[in-house]
Amino acid sequence: MVNESEVDLGDGNTLHTYDTGGTGPVVFWHHGTPNIGAPPAPLLPAAERLGLRWVSYDRPGYGGSTPRPGRDVASAASDVAKIADTLGIERFAVFGHSGGGPHALACAALLPERVSAAVGVASMAPYDGDGLDWFAGMGAAGVGSLTAALAGRTEKARYEASAEYDAEMFTASDHAALKGDWAWFLDVVGPAVQGGPDGLIDDDLAYVAPWGFQPSDITAPVLLLHGGADRIAPLAHGAWLARQCATAELRTFPEDGHISVLREGEAALEWLAGRR
């Protein structure tokens, strides 16, 4: 069972949270774009086997969380700290997929006394990453969407008003995962999209702006998983992050794309369970 509740930030804003409960080590899930924040159902059995407790939330502008235009990636750290304080959690790990990867890394960088370890699966790297050809290997839909974000909020909103789903962003292995063990994504993408584009717009604007921290600031252990065929966050992004984080281990899977690489999530949870 996943318990849902609201956390009051004290400024008129709230965050909608999810919690599987229990007394085991906590793993904060950071969702991708556009998703709501429910913890990943395909990984719940593995977490239960390992005695791990999932906690997560809808980022501002998604689901039940108040919109916060202008938020940066670093703001995830203060949001997670507030949720953790409210739930009486002192120490925790973080696990992010896709656009959730940068937000998980923000927590690791900015909450060093609280984050025990971090996992980033198919994570994006900063747009201003030195020596990184950020768009290289990215599919046309991603290039169009994020180029619009670089032009500012007005242009990004205009782009999203006419944007259409592009199945080519996913590989054959991704489509197989989406029809099989990771069909769960339909449960978290649908509500995010139905809620309007604000969350997605705020996410994409944050990805191409300064993140508010440096990946090299992270001192906790980091595990990065990346598919070699990823068309959304190309492998070069994960490789760049691994070079920046002295504590990072990069595991690559040449045949996997952006979604199918999540089949390695159980092994990532086992890695996390050994680092508390």
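1. The buried residues of helix H2 in this predicted model are Ser75, Ala76, Ala77, Asp79, Val80, Ala81, Ile83 and Ala84. Buried here means under 20% relative accessible area, exposed means over 50%, and partly exposed lies in between, with a 1.4 Å probe and protein chains only. Helices (H or I, at least four residues) and strands (E, at least two) are DSSP runs, numbered from the N terminus.

2. The cover over the buried residues of H2 includes strands S1 (3-8), S2 (14-19), S3 (26-30), S4 (53-57) and S5 (92-97), together with helix H3 (100-110). Contact, in this note, means heavy atoms within 4.5 Å. An α-helix has 3.6 residues a turn, so residues three or four places apart point the same way.

3. H2 comprises residues 75-87, 13 residues in total, and its first and last C-alpha atoms are 19 Å apart, close to the expected 18 Å. The expected span is 1.5 Å times one less than the number of residues in the helix. Just after H2, Gly88 adopts a positive phi of about 70 degrees.

4. Residues are numbered from 1 along each chain as its sequence is written. Local features need pLDDT of at least 70 and side-chain atom pairs count only at pLDDT 80 or more, whereas totals for chains, interfaces and linings use all residues; side-chain values use heavy atoms, with hydrogens and water left out.

5. The protein as a whole contains 10 helices and 8 strands. Its radius of gyration is 17 Å, close to the 19 Å that the globule rule gives for 276 residues, so the protein is as compact as a globular protein of that length. That radius is taken over C-alpha atoms, and the rule is 2.2 Å times the number of residues to the power 0.38. The C-alpha trace spans about 45 × 45 × 35 Å along its principal axes.

6. Of the 276 residues, 54% count as buried. Among contacts with a separation of 6 or more, 76% are accounted for by residues 24 or more positions apart. The protein exposes about 11000 Å², of which carbon and sulfur atoms supply 52%; the areas come from the Shrake-Rupley method with a 1.4 Å probe, and for residues only the protein chains shown count as cover.

7. The loop between S3 and helix H1 (44-50) holds Gly37, which is buried at a relative accessible area of 0%. Gly37 touches Tyr18, Trp29, His31, Ser56, Tyr57 and Asp58, residues up to four places away in sequence not being counted. Pro34 is found in the loop between S3 and H1, and the peptide bond from Thr33 to Pro34 is cis, with omega near -10 degrees.

8. Most residues other than glycine have a negative phi, and most peptide bonds are trans. Ser98, in the loop between S5 and H3, has a positive phi of about 60 degrees although it is not a glycine; Ser98 is buried at 9% relative accessible area. Ala122, in the loop between S6 and helix H4 (140-150), likewise is not a glycine and has a positive phi of about 55 degrees. Ala122 is buried, with 0% relative accessibility.

9. Ser116 is placed in strand S6 (residues 115-121) and is buried, with a relative accessible area of 10%. Beyond its neighbours within four places in sequence, Ser116 is in contact with Arg91, Phe92, Ala93, Ala220, Pro221, Arg275 and Arg276.
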